[in-house]
Amino acid sequence: MNLFSDLFPIFKKYQVEFQESYKEIGDIHTFIFKSPELINWKAGQHGIFTVNHIKMKNATRPFSIASIPSEGHIKISMKIGEKPSDFKRALISLTPGMKVSMRGPIGSLYPTSQKPLLFIAGGIGITPYRALVKDLLSRPATMPNDVKLLYLSSQSEFIYKEEFESASMETPIKANYLVNRDQLSAEVEHFITLYKNDAEYFIVGPKPLTSSLETLLKNKGINKKMIKKDIFIGY
């Protein structure tokens, strides 16, 4: 991992054009943007988005990019409840052709070897994993021999499920859909038993989940260098 190269793109700003949005399931919505410029990023990275058409106090927010460059667009997904923030209301008000600013993409939430992978997602923390799975599918020659996706949603709101199921049919990528923390802990401990420090561990979700799982991994002897996490904060 090159920390400088992962952070340097934050100084580059793009104008990306809103194309469409749609509801996935429950209160989860997806937004699609396209850029007139060529933007390259690594699967697992996130962009820093700023809305320009409405003035507000907090007009900039980070979102994981759920697509990969070869798809030709930038996809982000988020929860939008009954009382959304000003930022999310601004996104909802976008019409095709309107633009928002994006810095980045930045971040180092991506594999650095061909070791087995454990992807752990809590709720909307699933978004970077869609990109990571798409990226793995695009280069089968370097696919690890075991890729386990543990997707936790207490409300059983599983997005991208059809894509994950399709990936699992012909590759080592396998997804488990879980509804409680006990199930998740059991699956994590089983994976640790199989691979210990000969694997990479990814955790994305709300802070209580990421913190408790990081503690679990460390208590089981997993080296912190093998753990990557991204904390999702609701806004």
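1. Contact here means that heavy atoms lie within 4.5 Å, and by that rule 18 residues of domain 1 are in contact with 15 residues of domain 2. The chain is divided into domain 1 (8–106) and domain 2 (117–231), with bounds that come from an automatic or database domain assignment.

2. A word on the basis of these points. This is a predicted model, in which local features need pLDDT of at least 70 and side-chain atom pairs count only at pLDDT 80 or more, while totals for chains, interfaces and linings use all residues. Residues are numbered from 1 along each chain as its sequence is written, and side-chain values use heavy atoms, with hydrogens and water left out.

3. The centres of domain 1 and domain 2, taken over C-alpha atoms, are separated by 24 Å. Between the two domains about 1300 Å² is buried, and carbon and sulfur atoms give 62% of that area; buried area is the accessible area (1.4 Å probe) that two parts lose on being put together, summed over both. On the side of domain 1, Ser-64, Ala-66 and Ile-68 lose the most area to domain 2, together 30% of what that side buries.

4. Two salt bridges are found across the interface of domain 1 and domain 2, a salt bridge being a side-chain nitrogen of Lys or Arg within 4 Å of a carboxyl oxygen of Asp or Glu. The side chains of Lys-79 and Glu-157 meet in a salt bridge, with 3.5 Å from N to O. The elements that give two or more residues to the side of domain 1 that touches domain 2 are β1 (13–25) and β5 (74–79), and the largest share, four residues, comes from β5. Such strands (E, at least two residues) and helices (H or I, at least four) are DSSP runs, numbered from the N terminus.

5. Lys-79 also forms a salt bridge with Asp-27, where the closest N and O atoms are 2.9 Å apart. This pair links distant parts of the chain, since Asp-27 is in the loop between β1 and β2 (28–34) and Lys-79 is in strand β5, 52 residues apart. Asp-27 counts as partly exposed at 23% relative accessibility, and Lys-79 is partly exposed at 32%; buried means under 20% relative accessible area, exposed over 50%, and partly exposed in between (1.4 Å probe, protein chains only).

6. Which residues of α3 are buried? They are Thr-127, Pro-128, Tyr-129, Arg-130, Ala-131, Leu-132, Val-133 and Leu-136. The 12 residues of helix α3 (residues 127–138) should span 16 Å at 1.5 Å a residue, and the end C-alpha atoms are 18 Å apart, which agrees; the expected span is 1.5 Å times one less than the number of residues.

7. Lys-134 in helix α3 and Glu-163 in helix α4 are 29 residues apart, yet they form a salt bridge whose closest N and O atoms are 3.4 Å apart. Glu-163 counts as partly exposed at 29% relative accessibility, as does Lys-134 at 26%. Salt bridges that share partners join Glu-71, Arg-130, Lys-134 and Glu-163 into one network.

8. Ser-168 lies in helix α4 (residues 161–170) and is buried, with a relative accessible area of 14%. The side chain of Ser-168 reaches the backbone oxygen of Glu-165 at 2.7 Å. Apart from neighbours within four places in sequence, Ser-168 is in contact with Ile-173 and Lys-174.

Methods: Polar contact = N/O pair within 3.5 Å; in protein donor to acceptor, adjacent residues only side chain to side chain.
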